[in-house]
Amino acid sequence: MDMDIVQKIEILSDAAKYDVSCSSSGSKRETPPGGIGNGAMSGICHTWSADGRCVSLLKILMTNICIYDCAYCYNRRSNDIKRAIFTPKEIAELTVEFYKRNYIEGLFLSSGVVRSPDYTMELMLKTAELLRNRYHYGGYLHMKVIPGASEELIKKVAALADRVSANIELPTEGSLKTLAPEKDRKKIDKSFMVVDELNKILSRKNSTSTQLIIGATEENDKTIITLAEGYYSKKLLSRVYYSAYIPVNTNLPVKISEPPLLREHRLYQADFLLRFYKFKSYELFNKRENLDEVLDPKLRWALDNMDMFPVDLNKADYNNLIRIPGIGPKSAKKILEARKYGYIDWVHLKKLGIPLKKAQYFIILNGKVAKKTPLELVEREIMKFYQEHSPIYKLFGAD
Amino acid sequence: MYQLVYDGSFEGFLTACHHYLNGVDIEEVVNKRINPTYQPSIFSVEILTDLDKAEEVVSMMRKKSDKLLQKVYFAYLCDRAKIEMTVFKYIDMDGGWDDLRNDVVIDIEKNIHNLFSERHKMLGFLRFSEMKDGVMLGFISPKNNILPLLGVHFKKRFGNNRWAIVDKVRRLVIYYDGKRLSHGELEWLGDIEYSETEQKIRESWKKFFDSVAIKERISYERQRGKVPLWVRDEMIEFH
């Protein structure tokens, strides 16, 4: 029964890796007296794994033992896999040892449901308590909430954590019923509300996040983005993660051969447009059901709204600047900064390092436009897309 | 047309600037600390760091603008960029240090941006090892001289714990004894004796690092883009 710690790490990080969240930013905490660790406002990546993902947290499961049998999940009870369980002390020690070597920014603790939601939540709470109270650990702590656990436990966990999350898993209640009959969207939403309530009492900013699986069921992009927008506007969630389904099990009703990575990418782009560019979901779809596969959503929106272009860079305000394809918050701020000293011209844009590849088709400067229509750009983007995604190119161009 | 050679210290840098402001015709400035093997020519002059001259330049900058000294210090830390002459011109300006339409300003801002982006990456990439006496020791070989910018972050983070960081390229070291942060030049480094648990923790970290990658999504190209080969020397998960 007594398993080596390295063996446990192998099993329980392997089982946790499908959770995509890795952000550690946005918390500010001083190092506790006699302790170790604080929160950094801007996230820090400590390394990148072989799949090219930022590693900033010790992302691990308390256990991969699970009483549920969700069709999309690698850890479901009917799968014949190696199982392990950590003690709260093991996780707490590992976290502190990793942290003081600067391997990680903190801990992301998730879990399969062992015995009951309450029992699991208690084990996780004990881990958080050990870290915060015995080791005086002040580093980042992200805890998964187990939907269905008691309100009191959820609140205790959330009070100790920088961020909590609970996975919506699938875009609609219907899909959840089919693939994860033991899970219930209402219980998941309820846990968001419990945390929100606590945050209001503690006057903390809500930083709850969630994740949902893309491509295991048949919902369209519009349904998914509208769902995210709903949570953002109610301020129940600060971040939605989209995870292209990796077929870990073979019995799914929807047949997919490989993860829909491009779709995942486009959803993230659209999500960013909601959160940082003040777009509304209906603007991104314009009667379509899905995001454009070939063109990114901002470019697609611009082409749908050519009457709003060209934008005069010497007059436009921040909100209009960031709607120009190819110009993001950084470039917009640079432009505003440079404008303080007088009118800017094409040569200044180069010097400021503003990428013009896309933007040049949508802007006007001192009465001059560089390109009259974006046709050339669209052509180029389409070519690029097919070069990157056509099967023949993949055959020769893959790394 | 002289080639001025300075010792690599900020005071030395300001001394060189003093010469520039006094009309010495400089073609190139060489930082000896990062070019220990430079070949002097008949135009090379090794200048002596002069604290009075440095102080003079500092008070002149203070008179011009409150922010100038800090900007110049950051630009000095970009010691591989060969922008010494640009910085001297920048110091010599009479305003417009924020004017992003000016080439000198842009050059300075770009390099400072670069400096801070390297610093930010190093906040993540730096690895400490636990010594037998409990001190956490880390090594870096950065492109820019970011060591002076790392201290505050780890001081805040690690509480009363003792730690040290060594810049192997410039042979500089910062050490925190639990109370105070000190900077110095590395004279010599004895044999390193690790704590008893060090090996086991490293093994655990490597195991975690390997198993957290999703096999279906492996892309070494993307990984190399984020963690270039040259920064991996001290990152144990790559060994």
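Okay, hi everyone. Some ground rules before the tour. The model is predicted, with local features needing pLDDT of at least 70 and side-chain atom pairs counting only at pLDDT 80 or more, while totals for chains, interfaces and linings use all residues. Residues are numbered from 1 along each chain as its sequence is written, chains are lettered from A and ligands numbered from 1 in the order in which they are written, and side-chain values use heavy atoms, with hydrogens and water left out.

Let's start in chain B, with a sheet. It is an open sheet of 3 strands in chain B, in the order 2-1-3, and the pairing is parallel. Pairing needs at least two DSSP bridges between the two strands. At the edges sit strand 2 (26-31) and strand 3 (44-46) of chain B, each pairing on one side only. From one strand to the next, the twist averages 25 degrees.

How many bridges join strand 1 of chain B to strand 2 of chain B? There are 5, with strand 1 covering residues 2-6 and the two strands running parallel. If you want one pair to look for, find B:Val5, whose bridge partner in strand 2 of chain B is B:Val30. Helix 1 (residues 10-21) of chain B packs on this sheet and touches strand 1 and strand 2 of chain B, and its direction makes about 155 degrees with that of strand 1. Touching, or contact, means heavy atoms within 4.5 Å. For angles, axes are lines fitted to C-alpha atoms, for helices over the stretch in contact, and the angle between N-to-C directions runs from 0 to 180 degrees.

Next, a helix pair. Two packed helices are described by the angle between their axes and the distance between the axes. For helix 3 (residues 68-77) and helix 4 (residues 84-92) of chain B, that angle is about 175 degrees, with the axes 10 Å apart. The two helices are therefore roughly antiparallel to each other, a label for angles over 145 degrees. Helix 3 of chain B brings B:Leu68, B:Lys71, B:Val72 and B:Ala75 to the contact, and helix 4 of chain B brings B:Val87, B:Tyr90 and B:Ile91.

In the loop between helix 3 and helix 4 of chain B you'll find B:Lys82. Its phi is positive, near 55 degrees, and it isn't a glycine. Most residues other than glycine have a negative phi. B:Lys82 is exposed, with a relative accessible area of 55%; exposed means over 50%, buried under 20% and partly exposed in between, using a 1.4 Å probe and protein chains only.

Now strand 6 (residues 163-167) of chain B. Why call it largely enclosed by the rest of the structure? Because 5 of its 5 residues are buried. On one side B:Trp163, B:Ile165 and B:Asp167 are buried, and on the other B:Ala164 and B:Val166 are too. Strand 6 of chain B pairs with strand 5 (residues 136-140) of chain B in the parallel sense over 5 bridges, and with strand 7 (residues 172-176) of chain B in the antiparallel sense, also over 5 bridges. Look at B:Ile165: B:Gly138 stands opposite it, and so does B:Ile174 in strand 7 of chain B.

Which residue in the hairpin of strand 6 and strand 7 of chain B takes a positive phi? That's B:Arg171, near 55 degrees, in a hairpin with 4 residues between the strands.

One last stop in chain B: B:Ser211, in helix 7 (residues 198-211). It's buried, at 7% relative accessible area. Leaving aside neighbours within four places in sequence, B:Ser211 contacts A:Ile9, A:Glu10, A:Ser13, A:Asp14 and A:Lys17.

So, over to chain A. A:Leu57, in strand 3 (residues 57-61) of chain A, is buried with a relative accessible area of 3%. A:Leu57 and A:Tyr140 are 83 residues apart in sequence, and their C-alpha atoms are 8.3 Å apart in space.

Finally, A:Phe309 and A:Pro310 are joined by a cis peptide bond, with omega about 0 degrees. Most peptide bonds are trans. You'll find A:Pro310 in the loop between helix 10 (297-304) and strand 9 of chain A. That's my tour, thanks!

Terms used:
Parallel < 35°, antiparallel > 145°, perpendicular 65-115°, else oblique.
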